[in-house]
Amino acid sequence: MEGAGYRVVFEKGGVYLHTSAKKHQDPDSLIAGVIRVVEKDSDVLLHWAPIEEAGDSSQVFFSKKDTSGGDSCTSEEEPTFDPGYEPDWAVISTVRPRPRQSEPTRGAEPSSPRGSWAFSVSLGELRSIRRSKPGLSWAYLVLVTQAGGSLPALHFHRGGTRALLRVLSRYLLLASSPQDSRLYLVFPHDSSALSSSFHHLQLFDQDSSNVVSRFLQDPYSTTFSSFSRVTNFFRGALQPHLEGASPDLPPPPDDEPEPGFEVISCVELGPRPAVERAPPVTEEEWAGHVGPEGRLQRVPELKARIFSGGLSPSLRREAWKFLLGYLSWEGSTEEHKAHVRKKTDEYFRMKLQWKSVSPEQERRNSLLHGYRSLIERDVSRTDRTNKFYEGPENPGLGLLNDILLTYCMYHFDLGYVQGMSDLLSPILYVTQNEVDAFWCFCGFMELVHGNFEESQETMKRQLGQLLLLLRVLDPPLCDFLDSQDSGSLCFCFRWLLIWFKREFPFPDVLRLWEVLWTGLPGPNLHLLVACAILDMERDTLMLSGFGSNEILKHINELTMKLSVEDVLTRAEALYRQLTACRELPHNVQEVLGLASPAEPQSPSPPASPLPLSPTRAPPAPLPPVDTATSTQPDSSLEILPEEDDDEEGVDS
């Protein structure tokens, strides 16, 4: 389509703006429109207009960059997002732009209320483009300008995101971000602008002007053969690809029609049931389950009681040995005594292995020396406000040190990783016995050792599972977090790593862990605990208009302010709400332990249960640092910045 001074090179209908997120749909909140890429004079513009105003391409308002210095998208009167709820589509919170009419076409009619949503932006003004995560909604694109503002999210109800990105790649270089495979950074094909971008990013050691000339001639070999500091930043963008095709989006086969729905619709959950917690299991109740020869009877019933109410403090020293697998639920008293004698000998044999190493030998054993130094540093600041560990010459600190060093002899492959002292401390506090604490700690590590593996595959998988649950339970919250660059849930990293050890007061941690150790009602209750906390903070996060830094700061400030009984009650209610849904997706059932995992098609490392980008695996989700949050004096665990890719996932 051509006209005087302009040419429409791309046009796609069925592109909607979702202007509300209310639970009960308002028909006026969905605005159907047409997206176009238009060549006008020497510029290329991206234009969206409602259906009623999109019929004639000549009647298009083309706007230039706002030079007033203010942000044209936000004001004190216009909030930065809509905090409503809409269950059937993914609704991301967007800013409603004020209509800009700097160059109205002669004869154009005044805009209708829906017409005020129309916008046009020069491709040169774009800084980034974010694609939606494949999941439970229609696909959408979010355009971010150089000024930092976001245009309204474009929801493609009839498909078309790939086609649009392929057209944009004719005029722009779309480079996939190494931190987020769904984020495309926009660079012009202009050599001087690209040179300036390279210089600003400091990706190369060489002169950026020389880099650009070679880059444009042979991007693949220049990047991967000549530049020592290039990262995965351009790996997807620089691969040889077909002319006119987006470098990170391989075109579908010619005979494959683009589907009308790119993803499935949301799951309709029923009402959330009311849940009441029971009182803790008492010594008398525990004794009622002890049968002849000291064997425990009706164990499933006993575990269910521990799940619903926890344990009385006086019972924990004995009951934790069963919950953590140190003692068998079916064993007799005599069998338990024989087992403890055997495990005591085994423990001290392993302890002797490192105790007998002389200082001279240790100087030639860098691994043992490194473990010892790291353990001493972490132990010296673990739970020092607890009376059991306070004081400069506290014997409890020595026991922590010895148990952790002995664990390095027990599990050579894993050794010691920062954060393990946080898991051992409550166990030693309860058992008050070195040998019992060691073997209970080993049982706990059997559950969570994957959290401390260097590959972080287990942590990535759990964050993916958490996101999957949250997207089913609360799509608008997920979309809000996604719109604030927090959709990866990296602020939950510490929660999952050490099972909320630093989020609750010490007595509440004891109650939380013994409930989780029952394995009821499914294998991933800790993920529902995380969902429960986010559900409790939902309104605060969304109604306050927090950005990514404020979200991280708010989550960190929840430390020691949460009620474990309230969180457990809500987590169980969420579980019952999910399991009552007859149309629960199979991958959600797998997370909840309601279905067996599907057989993998080919051997592959563990991955997120969420659909992934077709061309790349997600980067390790290392959480960002919030410098505004005050640090805890006794903390041996901090959230790492994203650039520390080679760390274990915890910092001291």
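What is the relative accessible area of Gln 456, and is Gln 456 buried or exposed?

Analyst: Happy to. Gln 456 has a relative accessible area of 3%, which puts the residue under the 20% cut-off, so Gln 456 counts as buried. Please keep in mind that this is a predicted model. You will find Gln 456 in the loop between α14 and α15, the latter covering residues 457-473. The backbone deserves a look too: Gln 456 is not a glycine, yet its phi is positive, at about 60 degrees.

Helix α9 itself spans residues 333-355, 23 residues in total. From first C-alpha to last, α9 reaches 33 Å, close to the 33 Å expected at 1.5 Å a residue. Its buried residues are His 336, Lys 343, Tyr 347, Met 350, Lys 351 and Trp 354.

Two of those buried residues lead on to aromatic rings. The charged end of Lys 343 sits over the ring of Trp 439, at 4.2 Å from the ring centre. Trp 439 also belongs to a cluster linked by ring pairs, whose other members are Tyr 347, Phe 348, Tyr 407, Tyr 410, Phe 438 and Phe 441. Tyr 347, then, is both a buried residue of α9 and a member of this ring cluster.

Setting aside residues up to four places away in sequence, Asn 386 touches Tyr 429 and Phe 506.

Phe 506 brings you to helix α18 (residues 506-517), where Trp 513 and Trp 517 are four residues apart, a separation of about one helical turn. Both of these tryptophans are buried. In the Trp 513 and Trp 517 pair, the ring centres are 6.0 Å apart and the planes meet at 45 degrees, so the pair is tilted. Trp 495 and Phe 500 form another tilted pair, with centres 6.0 Å apart and planes at 35 degrees. Trp 495 and Phe 500 are both buried.

One last stop lies in the loop between α18 and α19 (525-536), where you will find Pro 521. Leu 520 and Pro 521 are joined by a cis peptide bond, with omega about -5 degrees.

To place all this in the whole chain: its secondary structure comes to 23 helices and 10 strands, and buried residues make up 53% of the 652 residues. Among contacts with a separation of 6 or more, 68% are between residues 24 or more positions apart.

Technical notes: Residues numbered from 1 in each chain as written. Predicted model: local features only at pLDDT ≥ 70, side-chain atom pairs only at ≥ 80, totals over all residues. Heavy atoms only, no water. Helix = DSSP H or I, 4+ residues; strand = E, 2+ residues; numbered from the N terminus. Buried < 20%, exposed > 50% of the residue type's maximum accessible area, 1.4 Å probe, protein only. Contact = heavy atoms within 4.5 Å. Phe/Tyr/Trp six-rings, centres within 6.5 Å; stacked < 30°, edge-to-face > 60°. Lys NZ or Arg CZ within 6 Å of the ring centre and 35° of its normal. Expected span 1.5 Å × (residues − 1).
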